[in-house]
Amino acid sequence: MSQFARFREIIKPYVPLILRVGLGVVFLWSGLSKFGVDNNPLGICTNRTEAIDFASTLGWLPINPDLFVTVQSIAELILGTMLVVGLWTEVAAAISVAMYALFFAMFDFSLIWKNVGLFTASIALLGMDDALLSLSSWWQRRQRRVSWPM
């Protein structure tokens with residue numbers, strides 16, 4: 001067996017964990033960047049001013065762009081936390097897929113090329129069993145051990 005094949009076998013059980021945590025960190029980073037200092041965004045994510053300016057160009061937006069960015073940021077922070085800790089991973093992955101699909105449907109595709117990889121990562125995570133180091137799997141194991149009196 002080659003070194004690469006051995007490495008693949010070693011990491012195979014950890015792939016869902018790595019994918020889940022990586023995707024969660026992206027959502028946390030993106031949400032935090034919109035609450036950070038406007039002239040110093042965290043990494044490549046849009047800062048608050050850029051996000052509000054972009055949302056202001058959306059004529060169909062039914063709410064104030066500032067409120068929209070706040071709600072979006074909070075949603076990203078919640079989704080990122082759910083993914084990092086493994087809470088309702090299937091639900092979080094499905095919401096992530098829906099969010100990226102909406103991005104593709106509503107925005108100019110050239111603005112979101114990086115989201116193609118995140119979209120496919122979300123789809124892959126949706127199809128994986130995520131039992132390693134997740135709150136949901138811990139809770140399910142705990143529930144099976146506890147016998148409730150009837």
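**Ground rules.** I number residues from 1 along each chain as its sequence is written, and my side-chain values use heavy atoms, without hydrogens or water. Because the model is predicted, local features need pLDDT of at least 70 and side-chain atom pairs count only at pLDDT 80 or more, while totals for chains, interfaces and linings use all residues.

**Entry 1, Ser-33.** I found Ser-33 in helix H2; helices here are DSSP runs of H or I with at least four residues, numbered from the N terminus. Ser-33 is buried, at 1% relative accessibility (buried is under 20% relative accessible area, exposed over 50%, partly exposed in between, with a 1.4 Å probe and protein chains only). A polar atom of the Ser-33 side chain lies 2.8 Å from the backbone oxygen of Ser-30.

I placed Lys-34 in the loop between helix H2 (15-33) and helix H3 (48-56). Is Lys-34 buried or exposed? Lys-34 is buried, with 4% relative accessible area. Not counting residues up to four places away in sequence, Lys-34 touches Thr-46, Asn-47, Arg-48, Ala-51, Val-69, Gln-72, Ser-73 and Glu-76 (contact is heavy atoms within 4.5 Å). With Glu-76, Lys-34 makes a side-chain polar contact of 3.0 Å (a pair of N or O atoms within 3.5 Å; within protein, one must be able to donate a hydrogen and the other to accept it, and residues adjacent in sequence count only if both atoms are side-chain atoms).

I looked up how helix H5 (residues 89-106) packs on helix H6 (residues 114-126): the angle is about 150 degrees and the axes are 8 Å apart. Axes are lines fitted to C-alpha atoms over the stretch in contact, and angles run from 0 to 180 degrees between N-to-C directions. The pair is therefore roughly antiparallel (over 145 degrees; under 35 is roughly parallel, 65 to 115 roughly perpendicular, the rest oblique). Residues in the contact include Tyr-100 and Phe-104 of H5 and Phe-119 and Ile-123 of H6. By class, the contact of H5 with H6 has 13 nonpolar, 4 polar and 1 charged residues (nonpolar: Ala, Val, Leu, Ile, Met, Phe, Trp, Tyr, Cys and Pro; charged: Asp, Glu, Lys and Arg; polar: the others, Gly among them).

I then checked H2 against H6, whose axes come within 10 Å and cross at roughly 135 degrees. H2 and H6 are therefore oblique to each other. Pro-16, Leu-19, Arg-20, Leu-23 and Val-26 of H2 meet Leu-118, Ala-121, Ser-122, Ala-124 and Leu-125 of H6. I count these residues as 8 nonpolar, 1 polar and 1 charged.

Key:
Helix = DSSP H or I, 4+ residues; strand = E, 2+ residues; numbered from the N terminus.
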